[in-house]
Amino acid sequence: MKKQVVLYKKLSPLLMARLHEQAEVTLIENLDADGLARLRDALPRAHGLLGASLKLDAELLDLAPDLEAIASVSVGVDNYDIDYLTERRILLSNTPDVLTETTADTGFALILATARRVVELANMVREGRWQRNLGPAHFGSDVHGKTLGIIGMGRIGEALAQRGHFGFGMPVIYHSHSPKPAVEQRFNAQYRSLGELLQQADFICLTLPLTAQTERLIGTEEFALMRPQSIFINISRGKVVDEAALTEALRAGQIRAAGLDVFEREPLDLDSPLLQMDNVVATPHMGSATHETREAMARCAVENLLAALAGERPANLVNVRAWKA
Ligand SMILES: NC(=O)C1=CN([C@@H]2O[C@H](COP(=O)(O)OP(=O)(O)OC[C@H]3O[C@@H](n4cnc5c(N)ncnc54)[C@H](OP(=O)(O)O)[C@@H]3O)[C@@H](O)[C@H]2O)C=CC1
Ligand SMILES: O=CC(=O)O
């Protein structure tokens, strides 16, 4: 008998067909109130779940006694209680690697957009406020040659370092759990303590996961270490930053600008003070959002799920302790 899979993310026809070959599929297209009620109805029969952007906590998963595997269409796994999943031997998989380059492109787009004031000045043109040649009040700051500071030197951090070093001649400094000799050699990068990095980098880029250790890692004290010309970029998770402290740092001129793809609460409220500031470029958690990459992520998630349901170890197993060899 085929296993029951609940999808809470729509897939391409090709991937739907692949899944239908192996499983009975229930598709929940929207996670609105109606969709969530349908999800709760489907959970008691589910062997596998596939989707993203939903906090799957114990209260919800207790409705699914036969659940064997969850395939997250994301690399970040902060929406899951990993200890709970491991205890229940539910295999959690994610989609690393396939989104690394695209997310680093987004990071660099934010670096360029904030430093060169692209959104603010493009809006000036669009709104008919471009009436004379630009003067210093509208000048931006250079990107090439400036110091790129990366917090979390993993896959995406490394792809950002590659762009900065080879593309823009930027000295790279970084902070991570531990030094990365191979990265240092490839990009002439130098390890710094968190405090040193915050004091020395022109661009401070967050590329680490949200965990109990990184939640609110950057707050009032950390912004106080940055310089008035520093530009802060967050493509990791909103909760790694104290958003009120960030808002205050921007207001007080402690930092020059911020490029933000992620927020404490998503979607970002329209009345967020961040949206009142010309020196903030806010994007809608679009790090991996290209046609090619989202399809590659979905394919990766489908293969992970099908492997798990077939009793094989998924290629991107997150909670390895849940695997019984
Ligand atoms: N904006 C978007 O759309 C996207 C956001 N993301 C976010 O980016 C994150 C990173 O992805 P990826 O690069 O693939 O992940 P990796 O696991 O490859 O890299 C994360 C790095 O963060 C470092 N790190 C973790 N905790 C700490 C800490 N407490 N202090 C210092 N360094 C730490 C790790 O260091 P070490 O190696 O030394 O242990 C690791 O190298 C994801 O978890 C996700 O939240 C990802 C994709 C898209
Ligand atoms: O935020 C996106 C992810 O893949 O994680």
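1. Let's start inside: the largest cavity holds about 40 Å³ of space. A cavity here is a set of points on a 1 Å grid over the protein atoms alone where a 1.4 Å probe fits but cannot get out. Grid points are joined across faces, edges and corners, and a volume is the space filled by probe spheres set on the points. This is a predicted model, where local features need pLDDT of at least 70 and side-chain atom pairs count only at pLDDT 80 or more, while totals for chains, interfaces and linings use all residues. As for bookkeeping, residues are numbered from 1 along each chain as its sequence is written, chains are lettered from A and ligands numbered from 1 in the order in which they are written, and side-chain values use heavy atoms, with hydrogens and water left out.

2. Which residues line the largest cavity? You'll find Asn234, Gly238, Val241, Glu243, Leu246, Leu260, Val262, Phe263 and Leu274 there, a lining residue being one with an atom within 4 Å of a point. Sorted by class, that makes six nonpolar, two polar and one charged. The classes go like this: Ala, Val, Leu, Ile, Met, Phe, Trp, Tyr, Cys and Pro are nonpolar, Asp, Glu, Lys and Arg are charged, and the others, Gly among them, are polar.

3. The count of cavities of 30 Å³ or more comes to two. The second largest cavity has about 30 Å³ of space, and its lining is made of Gln4, Val5, Val6, Glu24, Thr26, Ala42, Arg45 and Ala46.

4. Now for an open space. The second largest pocket has about 460 Å³ in it; a pocket is an open set of points with protein on both sides within 12 Å along at least five of seven lines. Its lining has 26 residues, and Glu120, Met277, Asp278, Asn279 and Val280 are the closest to its centre. Helix H5 (100–115), helix H6 (118–126) and strand S12 (280–282) are the elements that supply two or more residues each. H6 gives the largest share, five residues. In this lining, 14 residues are nonpolar, six polar and six charged.

5. While you're at helix H5, have a look at threonine 102, which is found in that helix. Is threonine 102 buried or exposed? Its relative accessible area is 12%, so threonine 102 counts as buried (buried means under 20%, exposed over 50%, partly exposed in between, with a 1.4 Å probe and protein chains only). Its side chain makes a polar contact of 2.6 Å with the side chain of threonine 293. A polar contact is a pair of N or O atoms within 3.5 Å; within protein, one must be able to donate a hydrogen and the other to accept it, and residues adjacent in sequence count only if both atoms are side-chain atoms.

6. On to ligand 1, which is surrounded by 25 residues, with Arg155, Ile156, His177, Lys180 and Asp261 the closest; to be in this shell, a residue needs a heavy atom within 4 Å of the ligand. Eight of the shell residues are nonpolar, 13 polar and four charged. An oxygen atom of ligand 1 sits 3.3 Å from a backbone N or O atom of methionine 153. For a polar backbone atom of glycine 154, the distance to an oxygen atom of ligand 1 is 3.2 Å. Arginine 237 uses its side chain instead, with an N or O atom 3.2 Å from an oxygen atom of ligand 1. On its own, ligand 1 has 930 Å² of accessible area, and the protein covers 85% of that (areas come from the Shrake-Rupley method with a 1.4 Å probe, and for residues only the protein chains shown count as cover).

7. Around ligand 2 you'll see Ser74, Val75, Gly76, Leu99, Arg237 and His285, which divide into two nonpolar, three polar and one charged. A side-chain N or O atom of histidine 285 is 2.6 Å from an oxygen atom of ligand 2. Valine 75 has a backbone N or O atom 2.8 Å from an oxygen atom of ligand 2, and a polar backbone atom of glycine 76 is 2.8 Å from an oxygen atom of this ligand. Taken alone, ligand 2 exposes 190 Å², of which the protein buries 83%.

Terms used. Helices (H or I, at least four residues) and strands (E, at least two) are DSSP runs, numbered from the N terminus.
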